[in-house]
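Open the model in your viewer and show the side chains.

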Amino acid sequence: AGSPGVLATFVRSVEPSEYSTIFKNALNGPVIANLAAGLAASLAADAGDGAAPEPPAKFACRALGSLSKINRFAMVVSMLTRQEKAAVASLLGELGSAGEDVADLRKLFRV
């Protein structure tokens with residue numbers, strides 16, 4: 001995994017609606033885990049400063065939802081390692097604590 005700050009900058013610079021094009025043939029467990037880490041870092045970096053055009057928790061939920069629409073998503077999720085699932089579960093826990101409804105995302109990511 002890269003530096004949390006770099007990951008946070010990256011995930012906030014890519015529009016989630018573009019994920020299906022970007023990750024079309026490259027979605028795998030490490031990609032999901034690194035995006036989860038980047039989204040978590042983005043939550044921490046933007047906590048309460050109000051500078052982001054979209055609240056980081058809302059962006060993270062939208063990003064995770066967009067990942068779920070990529071071909072092969074279900075297969076990739078079924079093969080996530082314990083560590084990769086833990087990264088997603090941790091992020092979903094943070095989002096839930098931030099007031100986001102993550103029940104559907106938990107089902108999609110099987111955590």
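**Salt bridges, stop by stop**

Select Glu15 and Arg62: they form a salt bridge, with the closest N and O atoms 2.4 Å apart. (A salt bridge is a side-chain nitrogen of Lys or Arg within 4 Å of a carboxyl oxygen of Asp or Glu.) Glu15 lies in the loop between α1 (4-13) and α2 (19-22), and Arg62 in helix α4 (residues 56-67), so the pair ties together parts that are 47 residues apart in sequence. Helices (H or I, at least four residues) are DSSP runs, numbered from the N terminus.

This is a predicted model: local features need pLDDT of at least 70, side-chain atom pairs count only at pLDDT 80 or more, and totals for chains, interfaces and linings use all residues. Residues are numbered from 1 along each chain as its sequence is written, and side-chain values use heavy atoms, with hydrogens and water left out.

Now colour by accessibility. Glu15 is partly exposed at 35% relative accessibility. Arg62 is also partly exposed, at 32%. (Buried means under 20% relative accessible area, exposed over 50%, partly exposed in between, with a 1.4 Å probe and protein chains only.)

Next, select Glu100 and Lys58. Their salt bridge has its closest N and O atoms 3.4 Å apart. Glu100 sits in the loop between α6 (82-97) and α7 (103-109) and Lys58 in helix α4, so the pair ties together parts 42 residues apart in sequence. Is Glu100 buried or exposed? Glu100 counts as buried, at 15% relative accessibility. Lys58 is partly exposed, at 45%.

Last, show Glu15, Glu54 and Arg62 together: salt bridges that share partners join them into one network. How many salt bridges does a search of the whole structure find? Three.

Note on methods:
Helix = DSSP H or I, 4+ residues; strand = E, 2+ residues; numbered from the N terminus.
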